Amino acid sequence: MHKPLPLQCASLNFRGFQFAQAMLFAIEEINNSTDLLPDISLGYKIYDACGSISRGVQVALALANGNEVVSTPFKTPCARPAQVQAILGETSSSPCMAIATVIGPFHIPLISHFATCACLSDKTKYPSFLRTIPSDYCQSRTLAQLVKHFGWTWVGAIRTNDDYGNNGMATFTETAQQLGICLEYSVSFFRTDPPDKIKKIVDIIQASTSRVIVAFLSHMDMDVLIHALSHHNLTGYQWVGSEGWILDSQTAAMDRHHILDGAIGLSIPKAHVSGMREFILDVKPLNTSSNELFTEFWETLFHCQFKQSESSAGNQSECTGHEDLTGVQNSFTDMSLMPIFYNVYKGVYAVAHALHRILGCDQTCHKILQHIRKIQFKTKGGDEVYFNENGDPTAKYEIINWQPTENGIVDFVTVGLHDASLPADKQLNLQDKSIIWAQNSQQVPLSLCSEKCPPGTRKVLQKGKPVCCYDCLRCAEGDISNITDSITCVRCDPEFWSNERRDACVKKEAEFLSYEEIMGALLTAASLSGTFMTAVVAFIFFRYRQTPIVRANNSELSFLLLFSLVLCFLCSLTFIGRPSEWSCMLRHTAFGITFVLCISCVLGKTIVVLMAFRATLPGSNVMKWFGPAQQKLSVLGFTLIQIVICVLWLTISPPFPFKNFKEFKDKIILECALGSAVGFWAVLGYIGLLAVLCFILAFLARKLPDNFNEAKFITFSMLIFCAVWISFIPAYVSSPGKFSVAVEIFAILASSFGLLICIFIPKCYIILLKPEKNTKKSMMWKAAAKSF
């Protein structure tokens, strides 16, 4: 309902006074210089904005207009100062934003030594703003890189609720997300907020699981937070701080409960300017109205008052002006902010160099703002000063670690450096071993939402939580992950399989029917046994080739049949061993041709039996049409047909070695692909056709009246043969890997043994054990036919 009273400054801030002293030191150096602005003296005016945006804007406008509104008017009308060339200040970002907005159209440079908000780099909004301290854009990104360096992916964040804190934290949050860092919480407050809001922040910290807190705060806001945290004894957290408080001795002095012990953060690099410390501390009050700032400072510093002071109180001693600073320990004598004083120093020199260029200009010169943007010089300490296109210097930070000493005082130890002018991989240089962490620990604290996923697992995000919160799932069979915190499992190549830990691919075991394994050895033994038995039978037949029983059953076909049986037994060996291009082509074709040769001989013998019976009938001359020559030609003809089928198969699409990855997950089945399935089944079908034909003919001749009628034995052998190969088909199709090869070998051996035993063993029995029946007389005797 009433207009508020004008803002009044209630007290003197020592830190602000130090900044003013640093400016005076630089001005005095320049005025005493014979090289920079010779014969020209720089003047100045100092105003206390009291941390108020409105007061700062008021003073800046007055300076820009040359019509200063001050508390003490000039007594002489002509004493009004000239328009200022540049303004140094303000300390905070928010006042600088307001002042820069107002004076921007006048092109008056505003050079700040401590306003770090990245928003001030926007030259469209703040065209006349420059600064000698790096932008928070660089600081925020560096803080995120620092957090990432120590492996902290789950952190809390607290910021000042102003332009400095909000903009700085926004950049930190963006960079943190890019680096895979998650914020459990991000809260803001201002030092003037009510206590219950500060209490809520304390409650959030207490309820959190993160152990690292990033604090983008000014020193004044940190002082308020420390006061609140000390009431709850919230120690053990690892603090990461911005330059606003990390090097502030007042904040360290307030931390009596050691809440911030082990804190790590960024600060402006330490600086030393010869003579500056002595100058700042060499303050003498001048008892005039124009120097009331220094008088107030003196009274505040020594808690005394001069006689003429209207507000003199009886309980305070009288100031003499000769008090000694020796032994005084307070924020004014603390030189921990010397890097910021150095920034003030560089700002004054930047203005001086710009003025020097203007005075040396022969033609029409630009305004001072244009010259300040282009200046580049070195201080007497060797540091290069210049501004980039945004009015910012090159970012360079020292990494500070709070290390408590035995007497309880915090020591600000430099443990690293970040230089943005270096290549990206060399910008951050840390001495990790020299860092003292929270609770005086030597080990880097952990701050993770979830433990790292070891190799052999992958991360699966937890529903409704940030990406840093996840579960670790074991990779599936055949997949691996060989790095920590892998987000995917990689499939092994077809010839490889995952090991038990799922962290490496190992070569799959190649499986094939080999001679070394038991099954391969048994089949090999069976094949060789069959070959040996056939050879023995052939030897017996050869030894007794002149006997009636051998001669009566077409000895030539018998020997050819025995030869083909030897080939049948031996061809099974081609199925054993590692498949190769030649073995794959040989095994099926050799099997097909030898079996056709074998069945052709049996078929020939069956036809001979039938023809012989027909020849005994009166008037029959059928045997002349199927004599020995015709029998041989029939065997040759039947075999040639199979040879043609095999040649066509090998020509069009031959069998080839093949690696079967589908049958077993952890094995490679080495097998022979058929090439053309039509060719394979044509070979097998032709063998089956001859076997069925032979079976039918033998079945028809089974009751012929002959003591040595082979038809019955051929019928038995063909019955076994057909039964074996009919059962072979489903067994072959359903058997996996090498077992399908074993099934095929078993079928070959079983059918071969069936032919050998059924056809030749009865004859060998008579030849060796019943020689009395092996006579022509017995051959001529007809016995009654027995039914089969």
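**Exercise 1.** Is Cys453 buried or exposed?

*Solution.* Start with the cut-offs: buried means under 20% relative accessible area, exposed over 50%, and partly exposed in between (1.4 Å probe, protein chains only). Cys453 comes out at 0% relative accessibility, so Cys453 counts as buried. A word on the source: this is a predicted model, where local features need pLDDT of at least 70 and side-chain atom pairs count only at pLDDT 80 or more, while totals for chains, interfaces and linings use all residues. Residues are numbered from 1 along each chain as its sequence is written, and side-chain values use heavy atoms, with hydrogens and water left out.

**Exercise 2.** Describe the disulfide that Cys453 forms with Cys472.

*Solution.* First, the distance: the two sulfur atoms sit 1.9 Å apart, and a disulfide is a pair of cysteine sulfur atoms within 2.5 Å. Next, the handedness: with -90° about the S-S bond, this link is left-handed. Then place the ends: Cys453 lies in the loop between β15 and β16, and Cys472 in strand β17, 19 residues apart. (Strands are DSSP runs of E, at least two residues, numbered from the N terminus.) Last, Cys472 has a relative accessible area of 34%, so Cys472 is partly exposed.

**Exercise 3.** Which hand does the link of Cys449 and Cys469 have?

*Solution.* Check the bond: S to S is 1.9 Å. Now the torsion: 105° about the S-S bond, right-handed. For accessibility, Cys449 is partly exposed at 27%, whereas Cys469 is buried at 1%.

Notes
Helix = DSSP H or I, 4+ residues; strand = E, 2+ residues; numbered from the N terminus.
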